[in-house]
Structures are given as structure tokens and as C-alpha cells.
Amino acid sequence: MRNATTPRLALVWQTSARLTSKVLYGEAFRAPSYQELYFQTAANTPNPDLDPERSRTWELAFDYLASDRLKLGLNLYRFKRTDLISGAGGTFANVGSFTVRGLELEARWQATPSLLFGGNLTLLDQDDSPAEDVNIPDEALHLRMDWAFSPRWAWDAQVHWFGRRSLPAGDPRDELGAYSLVDTTLRYRH
């Protein structure tokens, strides 16, 4: 593939003084890597006839300014990826497609001039797929706090929770359970 057109279109409507509505459409591709096309490894045989992976996305999004300090968001989307590249059979091949439908909820609250809370929740409905790299959780939650408690000091903390991940039919491994990550940073500006 020498040329590719990957359009991205958006219709943005200021529905009211506090509500913005958006309809978006986009296409993308992932060209096969050099290894997938030409490089022999102990685990995989290359395939110079691979097609690129392609994707199409539709989104319907709403941003609502509930107050000067509280912003809410809702995003509904459908993502379809085709011509997935997989090396699971020993030779790289295009193995099929998968579709994800999703919902994202987002909130940002400026509690005080120096204290900000934010978070988002993602819920997915995924098709079964023959590709091993589609193994993403159906639920995820991210929460964050940023506090500038003095002119030179700031502290932030984040919690990321990921729900369990199912494996494709026939995969002999144990299902991946839910897990959480906690990050925190303390900064001093000299």
C-alpha cells in the first residue's frame, strides 16, 4: 500500500450556552511492521502479502458545563478494526476483525482554586475476536486529584482500576483478573 486516505470528520454544535454536542467519524490504518512482512524469528514466519489493519470510528459526544467549576462529559462510540494482523499460528496473517461499542463518562470539578478532582469511567461491549491483542478490559475507572497546596508545592494522586479481561475461546491461560494501580507525585518548583 503506497497511499492511504484517512478522513476525520466532525460536526460540532453549540446546543446551548452550557452544552456542546459532537458527531465524529474517522478512519485509520496500521501498516504491517518490517518484522511482520520480512523478518524471520524463532516464533514467527514473515508474510510479505499482509494487508494493513484498518479501522473506522463513529462517536457521539456531549460536553456539559454544569457550573463554572464542574464539567461533565458523555461519549458513545463504535470502533471497528478489520484485517487484524496476528502471528498466533506461527506465520503472520490477516485473521479477521472486531468491533467495540463503548460509553465513557467524564467529570472535572475545580473544588477550590488550588484543588482539582477528575475522573472517567469506560464501559465496553466487545465482539469475540481471533486476535490475541484485543484483550482489553470491559470496564475501567480513572480518578485523579491535583492539589497546589502552596506557591511552590503541588501533589497529585491517581487511581486506575481495570476490570477483568476475558480471553478468546480456546485460549488455555487463566482469565486475567481485575487490578488497580495507584500513582502519586509530589513536586517542588525551585
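Q: Which residues does N75 touch, not counting residues up to four places away in sequence?
A: The model is predicted. N75 lies in strand β4, residues 70–82. Leaving out residues up to four places away in sequence, N75 touches E59, L60, A61, G102, L103 and E104.

Q: What is the length of the polar contact that joins the side chains of N75 and E59?
A: E59 is among the residues that N75 touches. A polar contact joins the two side chains, and its length is 3.2 Å.

Q: Does N75 count as buried or exposed?
A: The relative accessibility of N75 is 13%. Buried means under 20%. N75 therefore counts as buried.

Q: What distance separates the C-alpha atoms of N75 and V23?
A: These two residues, N75 and V23, are 52 residues apart along the chain. Their C-alpha atoms are separated by 9.8 Å.

Q: Which strand gives the most to the lining of the second largest pocket?
A: This pocket has a volume of about 160 Å³. Strands β7 (98–112), β8 (115–126), β9 (139–147) and β10 (153–162) each supply at least two lining residues. With 5 residues, the one that gives the most is β8.

Q: Which residues lie nearest the centre of the second largest pocket?
A: The pocket is lined by 14 residues. Nearest its centre lie A107, R108, G118, G119 and R144.

Methods
Residues are numbered from 1 along each chain as its sequence is written. This is a predicted model: local features need pLDDT of at least 70, side-chain atom pairs count only at pLDDT 80 or more; totals for chains, interfaces and linings use all residues. Side-chain values use heavy atoms; hydrogens and water are left out. On a 1 Å grid over the protein atoms alone, a cavity is a set of points where a 1.4 Å probe fits but cannot get out, and a pocket is an open set with protein on both sides within 12 Å along at least five of seven lines; lining residues have an atom within 4 Å of a point. Grid points are joined across faces, edges and corners, and a volume is the space filled by probe spheres set on the points. Helices (H or I, at least four residues) and strands (E, at least two) are DSSP runs, numbered from the N terminus. Buried means under 20% relative accessible area, exposed over 50%, partly exposed in between (1.4 Å probe, protein chains only). Contact means heavy atoms within 4.5 Å. A polar contact is a pair of N or O atoms within 3.5 Å; within protein, one must be able to donate a hydrogen and the other to accept it, and residues adjacent in sequence count only if both atoms are side-chain atoms.
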